[in-house]
Amino acid sequence: MKQFKQITTRFIIVVSLAAALTSCKKIIDVEPVSNETVNNFYKNYKEVSVALSGCYNGMQEPLINEWQFTELRSDNARQRSVNSTTNTNMELNVLNLYTAGPQHQQIYNYWLATYKNIRNVNYVLRSLGVTYQNNQLVFSTPTADVTEAQRDELVGQALFIRAYHYFNLVRLYGGVFLVTEPLEAAQARKVNRSSINDTYNLITKDLEAAVAKASLRPYTQIVSTDLGRANAWAAKALLAKVYLTLPVPRAADALTLLDDVIANSGYGLESSFARVFAINNEMNKEILFAVRYKAGLVGLGNPMANLFAPASSGDAVINGDGSGFNYPTTSVYNAFTASTTSFSDARRDVTVAVYANSTTPFYVNKFFSKVVVAGDAENDFTVLRFSDVLLMKAEAQGYNGASGTSVGLINQVRARAGAGNFTSGTFTSAFYQYPVTGPDAIASEADFQAALLKERRLEFAFENQRFFDLVRFGQAVTTMQNHYSAEYSAYYSRFRPQIPLATLQANINNNKLLLPIPQREIDTNTEITIPQNPGY
C-alpha cells in the first residue's frame, strides 16, 4: 500500500480526525468550506497536516485538462477525430488549431480547479501565520498549535504547491490574480490581474522559502511515509526551472541550485527508462516530485489510461474502453530513433504504444496500467525528474564545446535510454550518443539548442512539458507552423470546411501562446474591469 497518497480536496476536519490519522495514511474525509467562511482555523499539527494532504490531492483535478494546453497545443499531440461534432472533440479541435476563445469551457475548468487548490493552500498558510505583504512573505505567530520544526515542515510543502500552481498559471495565462489568503467573495471581486513580473515574484518568494524550510534529507534517508511530499530538493529543481523561464532568465542562479541537487540530493537516474514509470517502483530515486494517484475504487485513481487509450477498442487495450485523447503525432513517434540491427531509443515504446486494429494506432503508454474499472489506474504523474535536472543544467550552462559538459549531460540522458557510442558510419542509422569530433558532433550554440530541445521532447513527451519548452526556447511559433505544414496533407487538410495551410499557420502567433482569461471571470465581476489578453 502506498504510504502517502493525496486525499479528497476539502477543508474542515471531521470529528474522526484523530482516528483517521492512525496507522498508515488512508482516505480522510473532510467537509467543504464556503468562500464566505473565512473564520475557520486549523488548530493543531494534525489538523493542518490533514488539510495539507487535501492540497496534495487537489493537484489531481487540474491534470484532467492540463494536457490539452501543453501537449495538444504542441507538435506532440493532435486530435484523433477530425470532423467529430461532439462538444468534447470540438473543444479539443480548437485548442489544437489555436482558435479557442475566452468562452472555452476547459480553459475555464483548468483555471477554476487551479484556483480552488490555491485557496486550499492559503487556508493552510493562514493557520501557520504566513502572509504575503508588499511583495514579501511575512511569517507571524501561527494560530495552529505547532512547534517551529512542524511549522517549517508544513510551510515548505504548502509554499511549493502554491508556487507550482502559479507557475503553471503564469505560463499559460500570463499575469494572473494573486490570491494569497482566504478571501470572501466581495473581497475577491476587487482583486485584479497582476503583471507577469509580479506573478513571478510571488512564485520565486514561495519557492525560496520552500527551499529554506522544507526537508533537506537526501533521497536514501526519506522515510516511506514522506515519499511524495515536496522537499527542499524538489523546491530547488522547480525554482531552477522558474529562473530559466523568467522574462529575464537567471541561468547562473539556476545552475547553483541544480549543481546542489545533483551533488547532494541522493536522487539519480533509474537504471532504465521503463523503471521510472513502473507502478511497482513509484517514487523511485529519479522522481523528485509527482502528483500521486491510488487505484482501488477509493476515488483517487488516475483517469489518464482510459482517456488516452484508443477509442472504440472495447476492452482490448484497457477495461472500460478508451477515449483516444492526446493522440501522439507521427512526428513524435518518428523522432525516437529505432533500429532493427543496432541501438534503439528505449523511450519510444515506453512513451507511445501501437494498437494494431486501428487506422489511427498510436496512444500514450507512459501513464498506462491495467484497471479493474475505467478511470482508476495506479500511475502517478511525474512533475520533476532527475533527468530534467540534468538537462536543465545543460541549458543553464549553455554550449561549451562538442566535448564539453553540457553535451555530456545530454549524452548521459541518451545513454540511459540505450544510446551507443558512435564510431563510424551513418549517425542517424541507429541511436547514438553525440560524438565529440567529426561532422555529427554538436559544433555550435544553435546546434546545441536544437539538440537539447529535441532531447527534452523525447525524454518528457506527454509529461506536459513540450509546450512550455517550446515557449522557453523561443521556438513555439516556428515549430507549430512547421508541424501544421508537415501533417497538413495527412491530417489538417481533412477538416471540413477545409482550412488553408496559410490560415492554419497564421492562427499561431505570439499572442496566441497565452490562453485567454476565462470570459466568465470578466463578465461576472461587477467591481472592476479585468483586461483580456491581447488577441482575444
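Reader: What makes helix α3 mostly covered?

Author: In this predicted model, 9 of the 11 residues of α3 (residues 60-70) are buried. Buried means under 20% relative accessible area, with a 1.4 Å probe and protein chains only. Among the buried ones are Pro-62, Leu-63, Trp-67 and Phe-69. A helix here is a DSSP run of H or I, at least four residues, numbered from the N terminus.

Reader: Why is Val-373 called partly exposed?

Author: Its relative accessible area is 33%. Exposed needs over 50%, and partly exposed lies between that and the buried limit. So Val-373 is partly exposed. Val-373 sits in the loop between β9 (362-364) and β10 (381-385); strands are DSSP runs of E, at least two residues.

Reader: What is the largest nonpolar core?

Author: That core has 149 residues. A nonpolar core is a set of buried Ala, Val, Leu, Ile, Met, Phe, Trp, Tyr and Cys residues joined through side-chain atoms within 4.5 Å. Phe-160, Tyr-173, Leu-288 and Phe-289 have the most contacts inside it. Helix α6 (residues 148-173) gives the largest share, 14 residues. A second, separate core of 9 residues includes Ala-309 and Val-371.

Reader: How do you know how confident the model is?

Author: The average pLDDT, the predictor's confidence in each residue from 0 to 100, is 92. Over residues 1-38 pLDDT stays under 50.

Reader: Which rules apply throughout?

Author: Local features need pLDDT of at least 70, and side-chain atom pairs count only at pLDDT 80 or more, while totals for chains, interfaces and linings use all residues. Residues are numbered from 1 along each chain as its sequence is written, and side-chain values use heavy atoms, leaving out hydrogens and water.

Notes: Contact means heavy atoms within 4.5 Å.
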